[in-house]
Amino acid sequence: MTQEVFKQRLLRRRDDIFDIRSVSDASRRPVELDQTRVGRLSRMDALQEQAMSLETERRRKLELQRIEAALQRIEEGDFGYCLVCGEEIEVKRLDLDPTLPTCVACARH
């Protein structure tokens with residue numbers, strides 16, 4: 001696979017994450033605590049849903065950071081090389097996840 005193929009995959013994934021984020025904005029809003037409108041159990045469910053949405057958003061942010069870092073490595077010509085030892089990362093590993101910055105050996109340490 002060429003770096004251009006990986007770049008297109010990364011850009012598509014980044015766009016997908018932005019699309020998902022825009023749809024899920026409402027679930028991260030503060031939960032209303034007015035007991036006359038929402039019962040105690042409903043409020044607890046809403047708080048749990050909000051917590052799960054916030055954690056999902058945190059994970060999306062981390063994935064976006066990994067995608068941006070991989071795109072930066074492509075632009076700089078460092079993509080496909082381990083950030084620790086400098087050796088080439090196997091194409092199968094990058095095909096699995098093009099955001100991975102290390103080879104298998106360095107990932108184990």
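These legends describe close-up views of a predicted model.

**View 1. Helix 1 along its length.** Helix 1 covers residues 3-23, 21 residues in total. From its first C-alpha to its last, helix 1 reaches 31 Å, which is close to the 30 Å expected at 1.5 Å a residue.

**View 2. The buried residues Phe6, Leu10 and Ile17 of helix 1.** Phe6, Leu10 and Ile17 are buried in helix 1. They lie on the same side of helix 1, because they cover an arc of only 35° around the axis. An α-helix has 3.6 residues a turn, so residues three or four places apart point the same way.

View 3. Lysine 7 belongs to helix 1. Its relative accessible area is 22%, so lysine 7 counts as partly exposed; buried means under 20%. Leaving aside residues up to four places away in sequence, lysine 7 touches Leu71, Ile74 and Glu75.

**View 4. Lysine 7 and phenylalanine 79.** In sequence, 72 residues separate lysine 7 and phenylalanine 79. In space, the two residues are 9.9 Å apart, C-alpha to C-alpha.

View 5. Valine 91 is found in helix 3, which runs over residues 91-96. With a relative accessible area of 43%, valine 91 is partly exposed.

Definitions and conventions
Residues numbered from 1 in each chain as written. Predicted model: local features only at pLDDT ≥ 70, side-chain atom pairs only at ≥ 80, totals over all residues. Heavy atoms only, no water. Helix = DSSP H or I, 4+ residues; strand = E, 2+ residues; numbered from the N terminus. Expected span 1.5 Å × (residues − 1). Buried < 20%, exposed > 50% of the residue type's maximum accessible area, 1.4 Å probe, protein only. Arc of directions from axis to C-beta. Contact = heavy atoms within 4.5 Å.
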